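The sequence and structure are shown first.

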Amino acid sequence: MRNFLLSVFFFVNLVWSQDYAKHVNPFIGTGGHGHTFPGATTPYGMVQLSPDTRIDGSWDGCSGYHYSDSIIYGFSHTHLNGTGVSDYGDIMLMPTMGEPSFDNKIYSSTFSHANEKASAGFYSVTLDKHNIDVRLTASTRVGFHEYTFNQDGQANIILDLNHRDKLINGIVKVIDDKTIEVLRRSEAWATNQYVYARIEFNTPLKINLQKFKFKGVDDITYSGDELALSFSKTVKKGEKILVKVALSTTSFDGAKLNSTEIKHWDFEKVHQDAVQLWNKELSKIEVTSDDKDKLAIFYTALYHTMMQPNIAQDMDGKYHGRDNQIHQAEGFDYYTVFSLWDTFRGAHPLYTLIDKKRTADYINTFIKQYEQGGRLPVWELASNETDCMIGYHSVSVIADAMVKGIEGFDYQKAFEASKASAMRDVLGLEAYKKNGFISIDDDHESVSKTVEYAYDDWCIAQMAMLLDKKEEYQYFMKRSQNWKNLFDWETGFIRPKKNGGWDKPFDPREVNNNFTEGNAWQYTFFVPQDIEGMIHAYGGPEKFEAKLDKMFNSESKTTGREQVDVTGLIGQYAHGNEPSHHMAYLYNYIGKSEKTNEKVKYILDNFYKNAPDGLIGNEDCGQMSAWYVLSSMGIYAVTPGIPKWQTVMPNFDKIKIHFENDKTIDIINKDNSKLGFFIERPIDTSDYYYSRILLPVPVIQAESKSFKDKLLISMDSNNLDNGKYREYMIFYKIDGQNEFSLYKKPFEISNSTKIYAFTKQDLEGRNESDTISAQFFKKPNNYTINIQSRYNPQYHAGGPEGLLDGIFGSENWRKGDWQGYQSQDFEAVIDLQKQTKIKKISAHFLQDTRAWILMPTEVEFYTSNDGKNFTKMATIQNSVDPKEYEVVLKEFTASVQTKAKYLKVVAKNFGKLPEWHQGHPYDGDAFIFIDEITVN
């Protein structure tokens, strides 16, 4: 027994002693659209100590750094890995020489990549302007700086708490001439973020109190919303100043406790400790190759998957909860940064394979956030729910862990939290539960929300099955088939509906607000919970294969809105964004594994490089890299929640995986038969087989939502059976009727009304669909409109008549009820058809500053009797502050007493976005959004 233990000990130490960290290139993804950062961090660490070359919210600089830049503003301690937002950048320090300045244009410095190095747990650079060599490393909760001053003079360290996102409140406590404590409370995507820091210097420094931009609270404490100060010392050439910055989300005491992670001033020891931590984690997967670039790409990818989620508790287990209170973690570690819309697809399944303990910790974190905030996280950041992206994909992570038998969390509580998130009445869920799908009328991104909710519901059903909850299982399995309500059998696409019918015109390549960062091609194949049903809907394996082939072979060009996330196109497949990530593996389900191998190999070889622009799209908190890691190993989780991996030929000669239970598996490139090992937990589902096929809702079609005299209504049952159209019975009623009637042929309506309809399989009602409705409006007038401006095709509100139909747009402009005009004024002439007495003219506008939609600066109203010669009746000035970040609706109204046949409305565009706007100077032209023009 003793010999066995010694051999295990020797094996473990042998693995850890190998230097996997040497293959990591942190510059991969710092160029192009990767949005990564090159600085020092440890696996899942609280600190990400990295240079900031961007101080604005620009797209490619949202991590704080972009490889194309040549100026460094400072070194901050928190960064996001490959997202699309500019949060973090907290506790920024910058060493300088000479008279200290708090102007970032002055204290910043140029740098050269020739004098810059980065590796796992380490970063260094020379600041040209100040002639200072900077080296950075970190422990889990402490950032460690070393500044070498290469000339005599006054050395300074600038602390600028106004750096990057908005400072709500800052506090500085001067403990002594070597120690200060800081609170930075900020607002951006995370609207209420707390970062406490304890900053310690290895040498006494003079604090420049006269430069404070805030008020003194007492003799040692200063507070304010503009906060920057400097620390100075006369240095000799070659002298070093060392700085330790310990972070906490809870308190000054928490930061002081966390500072004990590093009890010395030995930079090299901290660096080597960080490397050892990385080697421990990276050693979980060993790959063998003679190609150094492939090794760099693989281990950097694995490194990127381990940069988050981030530990968010102090060394004693205290953490800042979702309820803005301090809590004590009991029996688990509390984490933050959950980009779940991205990471549920590949990163979290990878964690279930190599990091079961942290997987349980993540789910325990989810449960605590549910208990403290009322729901599971969607995109959680710094204990704030950002409500970014869609779905409730925490349930995917939970279900995948449960079906794989991962322990360490309360299954019943996790199910309770999952069910609660799915039963809310927000973000389109109310309509989804009622109608079986989300329409454009209900919420924006309606197609993506419908199909992603359906998958999440299937995940909840899998939990219910494991917990022997048959009623809940049946309920959520029914909901999981809701994708069929948006599948159009005629075009073969999952596509948007509006007012009960298909939205027209339809272009599957069009990127618009009905999809989340994508188009119909990129969402049509998102049915991971029912791939067999999806194949059946297309008419069988051959037709399904042809559809996949067409997607991969189409022109690599999208239409509609320019979407920066849609990159890495192979036809309409977009590897640079997550919705496409499972699609190459769908060939496996129709016996065409050779096509899966071909597509996966192409992506591995062409979309990942050992270079700054080596990622084809956003890293997105490890998902882009998780795809590479898993696919290189020859596996991928097409359906998290099924304890089985789809397989492909591995990308390395030999792969060895070390599990937490000390088991190991070898994968050989020429023989992937061992991949069957990854079927982790076969489950008997015989008692829970869901046999009922969802009957899709009918389609209610009409020429428009509003009409002048009469409107023809037709209906279609929209269903496939074995690839052929099958007519089901449709029953309908019109508002005011008590009974449903069998639909036989199109009919006309002549008044505003609401129509209800559902489908039945047969008269016995053995199967029937949800009941849907469509509302039609008889126009309040016979006016016509001639719009002189050109609206953006994305924002047409149904065409010109949409401005006179009596239907008012809501605050959710993404639903398509508003007309949008960019880089131009709005001008239109309304023909009242006859000379009419006018008392009041109104035009309704919307402002959403974050989306570049601003109120017109003024609105002019004119009248005319010949349509040629117009008299100005009024000019109404805008009174809405362009810096108002909430959505605002405003009616510009002119009271007049006149008769006229024609009216002209002119709205003046705001113009270029101002410097304070996050969109300046990129695509910096404001929109005007107008909906209804009314005349009384």
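Buried means under 20% relative accessible area, exposed over 50%, and partly exposed in between (1.4 Å probe, protein chains only). The model is predicted: local features need pLDDT of at least 70 and side-chain atom pairs count only at pLDDT 80 or more, while totals for chains, interfaces and linings use all residues. Residues are numbered from 1 along each chain as its sequence is written, and side-chain values use heavy atoms, with hydrogens and water left out.

**Salt bridges**

A salt bridge is a side-chain nitrogen of Lys or Arg within 4 Å of a carboxyl oxygen of Asp or Glu. The count by this rule is 44. The table gives examples.

| Pair | N to O distance |
|---|---|
| D425 and K433 | 2.8 Å |
| R509 and E555 | 4.0 Å |
| D666 and K656 | 2.7 Å |

D666 belongs to strand β39 (residues 664-668) and K656 to strand β38 (residues 654-658), so the pair links distant parts of the chain, ten residues apart. Strands (E, at least two residues) and helices (H or I, at least four) are DSSP runs, numbered from the N terminus. D666 is partly exposed at 29% relative accessibility, as is K656 at 25%.

**A buried serine**

S580 lies in the loop between β35 (573-574) and α17 (593-606). With a relative accessible area of 1%, S580 is buried. A polar atom of the S580 side chain lies 3.1 Å from the backbone nitrogen of A574.

Notes:
Polar contact = N/O pair within 3.5 Å; in protein donor to acceptor, adjacent residues only side chain to side chain.
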